Amino acid sequence: MQGSTIDEYQVSPSPEPSAEVTVAAHEEHPDYRVLGLIVFLASESLMFGGMFASYLIYRGVSATWPPEGTEVELLLPTINTIILVSSSFVIHKGDVAIKKNNLSGMRLWYIITAVMGVIFLGGQVYEYLSLGYGLTTNVFANCFYLMTGFHGLHVTIGVLLILGVLWRSRRPGHYGETKHVGIEMAEIYWHFVDIIWIILFTLLYILTLF
């Protein structure tokens with residue numbers, strides 16, 4: 001077309017989104033990480049619940065429980081229980097510390113919790129080595145090793161989660177009084193393994209001996 005220039009057909013670039021628009025778009029998406037963890041732990045509870053139910057059924061149909069030669073002792077598991085249950089109070093102190101923006105306090109309590117978890121696992125391994133019977137000795141031994149071993153795996157994962165939190169806390173500004181979802185998730189998971197252990201301790205030790 002005569003008299004027209006190429007400038008008339010140029011498309012102007014789209015403006016860059018402002019910081020306010022970016023933040024608003026991010027805030028439109030709720031954080032479902034904690035909810036996802038709770039759903040996952042609910043599914044894990046169902047698996048443990050199946051084990052507990054099977055154990056109680058075997059116990060109910062057996063004339064002698066536990067069978068001869070597969071007795072359990074109470075001293076070491078009681079010490080282990082005290083350590084693990086106490087660690088729930090310790091890890092909660094770490095969560096309280098970070099909500100007060102006390103990063104060093106959170107690190108201290110989480111380190112102590114990880115150490116207590118490792119001590120618990122060491123005590124469980126020592127118990128395995130001193131029991132005198134194995135996984136396939138009888139149905140009680142099978143249930144015992146399966147349930148405590150599966151729980152021990154969860155404790156191991158919990159320790160790794162705590163170590164992961166400690167590693168991430170090295171990044172400046174990664175955790176603070178308004179940014180602590182990862183810390184809360186590690187705490188929730190740790191409380192879960194503690195609750196499962198209390199049930200296991202009651203079934204495998206208290207009800208077996210009394």
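Me: Which residues line the second largest pocket?

Reply: Rolling a probe the size of a water molecule over the atoms shows where empty space is left. Here, Glu71, Val72, Glu73, Leu75, Leu76, Pro77, Ile79, Glu127, Ser130 and Leu131 do the lining. A pocket is an open set of points on a 1 Å grid over the protein atoms alone where a 1.4 Å probe fits, with protein on both sides within 12 Å along at least five of seven lines; lining residues have an atom within 4 Å of a point. This is a predicted model, where local features need pLDDT of at least 70, side-chain atom pairs count only at pLDDT 80 or more, and totals for chains, interfaces and linings use all residues. Numbering runs from 1 along each chain as its sequence is written, and side-chain values use heavy atoms, without hydrogens and water.

Me: How many residues line the largest pocket?

Reply: Its lining has 16 residues, and Arg33, Tyr175, Val181, Gly182 and Met185 lie nearest the centre. Two or more residues each come from α2, α5 (139-168) and α6 (181-209); α6 gives the largest share, five residues.

How values were computed: Helices (H or I, at least four residues) and strands (E, at least two) are DSSP runs, numbered from the N terminus.
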